[in-house]
Amino acid sequence: MSNVLKVVTIASDLHSLLTKSSPLQTRLHSVFDHAINLELDDSRLITLLDKHRQIVPLGIQFASLENLRSVEKDSKVIIEADGITIAGLSYQLDTCSAEVWDPTLPLSRKPRSADSLQNAAEQLEAFMRSKGSNGLTDLLSHIGESQEEQGMVGANLYNEFIADTLFDFIELLAASNWKAAVLQSKKIIGFGPGLTPACDDFLAAIMSVLVACDIPYAPSFNSQIVSMAAGRTTSVSLNMLTHAVEGRLPRPYQQLLAWAVFETDLDLEAIAEAAYAVGSSSGADFSFGLFCGLRILSRMDETIMEGEFA
Amino acid sequence: MIKSVIRKNAYYDSVTLMLISRELSKMPGVEEVLAGMATELNLELVENLKMVTPELDGLGPNDFFISAKFDETQTSIEALEKKFFELLNDKKSHSDGQYQPPTLSSALNHLPGANLAQISVPGKYAAAEVEDALDAGLHVMLFSDNVSIEDELRLKQKAVEKGLLMMGPDCGTAIINGVPLCFANAIRHGKIGVVGASGTGTQEVTTQLHKMGGGLSQVIGTGGRDLSEAIGGLMMIQGIEALIADPETEVIVLISKPPSPSVADKIYAIAKSSPKPVVIDFIGGNAEAIRAAGAYPCLSFEDAAAKAVALLKGEKVKDIDGINLPETELEAIIDKAVATLKPDQTDFLGLYTGGTLADEAMKYLGESFPIYSNIPLSPEMAIEHLEGVHGNICLDLGEDQFTQGRPHPMIDPQTRTEFFVSHVDEKTAVLLVDVVLGYGSHEDPAGAVADSVAEIRQRLGKVGKQIVVVASITGTELDPQDLASSTRKLEEQGILVMPSNAQAVRLADRIMQKVLKGV
Amino acid sequence: MAVKDLFKQELKIINMGLESFYKDLRSQNVSAVQVDWKPKAGGNTKMASLLGKLKKNQ
């Protein structure tokens, strides 16, 4: 059994962390078929992945996780720039051909015009409809351009329960009623099926669109949402939201967001398919949140944006 | 009844959670199931649905719960918990644990440098997938059939324009760069290039030339309809041109049912100008026209293979006809076989899994005596209803009428097994079958045939009768099925195993002649 | 990439449809990926053609 682990991809935030603060003492948080989470003292999670998962912030992707998965929850795992000690065994990390991926948004790119944003929203909507009923996307039948029910099977229990609350939240944001929107988010965070509850993926999309479009109140609004989230949602989701607040997303979401917000020649389909492949309905929920975010932006008035949080 | 299952501090990935929800709600007697993480709002929903139980008290967001409303006469919380446990331990298994991207575009991201798309999705969706593949610059192997002729033409024109292969629709066999695609055999590498519109015909030619010491450079499939008037031989022509340009290929073999006349002419024109020798097997086609084009016509698939090998070796090109045994030995075999039969056994039965092998049989035998078939030589010999039809019958069991809702008989021997039982009876004298090995085929087609013959011998033995069984094996010692043990299994059941389909057909004919006429 | 170029390359195959074909390729160590294929637009052909139009208009 080789004690060298080949690194395929490493997120740049993890790379800097390992370079500056090695070795890191962590506790094994959770093990899945294709991922392992390690918890740092400050509750942040480092995610070890194999090739069946796309890279995430504070993530490191190996060719295979086979040797590492037989490890006890809560056991100590030490990770540093060129090695990891897990289940009592030390492994060397071979990073020589690793890709370093930047989880932040490419904010230096040219943003789309208002018309172009609208067009992007329509394309995204068409894509979601074509994929049929999936997570929160059922709710498209309430707010989309066309009122056609094509492919949208009736709402499930979760969607029925949250629909009105979610739409109120969207209306508040569209009216730039930031304070009220923060309060409303209390009724949304942590709701829905999934390890990252559906509404959290939705919120992550909204928050990252606001940051990507450089909306002045986004940092303040987003950090309030996240402080609300502590205790209201799973630790894995809180971790995801904390990254999203600052515009750091799993790669497929990062690419989808970039497609939506910046000028591009790229084809939506492959990018959206990759996003949809994340989790069970997480990708669809994120896409729906992104769509709503784009609609919110197109309705926000310049003058109102000066308002509440001045 | 409403009950819950909880797991504290449990992290199940979302796909697993979704699976749990879905599978538990399908269980009989279950009215409603909520499964998820015990966040405040999720618990609020449970309350809203009046499904709260004491176990949910004190749970936090990192705890997992299942809350179920069910009819206690049909199921129990223990049954639900057991199913939950099973689902946790039963990993969603893809073929080898590998990621399966959901679309062509994501597949391209996942396998950069992909150069060929092998498509076998249902016919009505196939054209769209082929279009995307060609747009992405991929060559295409299209196994699907039921693609419209308009789509085939449009897509082949696109492929030709882009210099890409579009092998199909209804293309069962190809070997590119030594890789067998769909139904194809493992053949040694060499200098003979093949362009084939007929799947099992191509398999027979290629396995025969392997037996004769030849080898393959490339085998390009075209799909069954390529040489029709409407399609105009687009892929056959592109394939021939590619082989002419290919430095590895020294001899070219073409295999197809007779093309439409205008298409045949186009092919003769290319053959005439080809710097490399061309062997043309148009299964009963116009031998004179082929010779006039400077190409070599064929009497059978075996003959096509022999001619290609002779050309490669620079030997004299001969017609391979007849049976490769000294006449006295052959007569002894025939006599011995006929001696096992009773005077009232006069029927011939051919049961084929390979379509063009069945064609080869029909072409030859149909000249000899009248045979009913689903691929008849003339309309009045068509089989409409098989029940109650006696006399001489030869069936292509791979045809649509037998494969509705069933796997192809090359993949699953069950269809033919049923015919062995229903159609071999006390009047049957000779049974003729093919056994096709190679990739795509069943793991032990010879074993299936041997078992059926054993059953027949036992059944007929009870009324004091035997039958003569003749077979050939289309395969090589490199194929995944074991050729040697396949041969042995057949011979152990007293089956006369011939070296090629053509020889098996001729032997069956000689035996039937003796049975019918005493000669 | 023309046919003659294909003849010089290692085959890397995207298999869409019968999984047995994919398994046969893998058993010979051929580079291949199996697509988890579903009909476009969940079988809704009107949606599928709408999506087709979208792609071309970009």
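**A note on chains B and C**

1. Let's start with strand 10 of chain B, residues 216-221, which is mostly covered: six of its six residues are buried. Here, buried means that 20 or more other C-beta atoms, placed from the backbone, lie within 10 Å of the residue's own. Strands are DSSP runs (E, at least two residues) and helices are DSSP runs (H or I, at least four residues), numbered from the N terminus.

2. A word on the source: this is a predicted model, in which local features need pLDDT of at least 70, side-chain atom pairs count only at pLDDT 80 or more, and totals for chains, interfaces and linings use all residues. Residues are numbered from 1 along each chain as its sequence is written, while chains are lettered from A and ligands numbered from 1 in the order in which they are written.

3. Which strand pairs with strand 10 of chain B? Strand 9 of chain B (residues 189-196) does, in the parallel sense over five bridges; strands pair if DSSP finds at least two bridges between them. One bridge to look for joins I192(B) to L216(B) in strand 10 of chain B.

4. Now turn to where chains B and C touch: 37 residues of chain B and 33 of chain C take part in the contact. Two residues are in contact if their C-beta atoms, placed from the backbone, lie within 7 Å. Helix 2 of chain C gives the largest share of the chain C side, six residues.

Note on methods. Buried ≥ 20, exposed ≤ 12 C-beta atoms within 10 Å, placed from the backbone.
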